[in-house]
Amino acid sequence: MIYCFMQEYYNPNQSMLELVFALAEEWIAQSDSEIIDATMKELAKLFPDEISADQSKAKVIKYHIVKTPRSLYKTVPNCEPCCPLQRFPIEGFCLAGDYTKQKYLGSMEGAVLSGKLCAQSIVQVLFALFCAAMLL
């Protein structure tokens with residue numbers, strides 16, 4: 001799970017909490033109320049002073065559950081060789097995205113790291129072209 005507190009919606013009497021269940025195939029078939037109940041139990045463990053599973057502390061006023069099957073891919077053993085490098089075999093072509101070869105597969109962190117690695121690849125290509133041009 002990824003927990004994201006939405007600070008811009010701050011209200012001293014209310015607050016907003018957004019949750020994402022990643023790779024949650026076992027939750028797709030669950031009802032919304034089952035998901036809310038399980039979520040409240042988990043949040044009560046993480047924030048015992050603020051949240052209780054029975055909602056005697058923080059209360060859920062409204063919620064909206066979005067289920068997107070297959071929105072993320074699941075990594076399985078030996079799948080890494082299938083991920084393309086940021087510097088693609090086609091000259092001058094670089095890739096960025098969470099699907100490329102980097103250590104945080106299928107995540108925002110992976111996408112950011114891939115973008116950084118892609119930018120480094122572009123700099124290396126430009127540097128090599130610059131050096132080649134200087135030799136002419």
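Visitor: Is K45 buried or exposed?

Guide: This is a predicted model, in which local features need pLDDT of at least 70, side-chain atom pairs count only at pLDDT 80 or more, and totals for chains, interfaces and linings use all residues. Residues are numbered from 1 along each chain as its sequence is written, and side-chain values use heavy atoms, with hydrogens and water left out. Buried means under 20% relative accessible area, exposed over 50%, and partly exposed in between, with a 1.4 Å probe and protein chains only. K45 has a relative accessibility of 64%, so K45 counts as exposed.

Visitor: With which residue does K45 form a salt bridge?

Guide: A salt bridge is a side-chain nitrogen of Lys or Arg within 4 Å of a carboxyl oxygen of Asp or Glu. By this rule the count is one salt bridge. The closest N and O atoms of the pair are 4.0 Å apart, and the partner of K45 is E42.

Visitor: In which helix do E42 and K45 both lie?

Guide: Helices (H or I, at least four residues) and strands (E, at least two) are DSSP runs, numbered from the N terminus. E42 and K45 are three residues apart, about one turn of the helix. E42 is partly exposed, at a relative accessible area of 28%. The helix that holds both is α1, residues 32-46.

Visitor: Which backbone oxygen lies 2.7 Å from a polar atom of the T100 side chain?

Guide: T100 sits in the loop between α1 and α2 (108-135), and T100 is buried, with a relative accessible area of 0%. A polar contact is a pair of N or O atoms within 3.5 Å; within protein, one must be able to donate a hydrogen and the other to accept it, and residues adjacent in sequence count only if both atoms are side-chain atoms. The backbone oxygen at 2.7 Å is that of G97.

Visitor: Which backbone oxygen does the side chain of Q102 reach at 3.0 Å?

Guide: Q102 also lies in the loop between α1 and α2, and Q102 counts as buried at 10% relative accessibility. Contact means heavy atoms within 4.5 Å; leaving aside neighbours within four places in sequence, Q102 is in contact with residues including Q86, G110 and L117. The backbone oxygen reached at 3.0 Å belongs to D98.

Visitor: What pattern does the protein chain follow along the sequence?

Guide: The protein chain has two helices and two strands. Of its 136 residues, 18% count as buried. Read along the sequence, the pattern is β-β-α-α.
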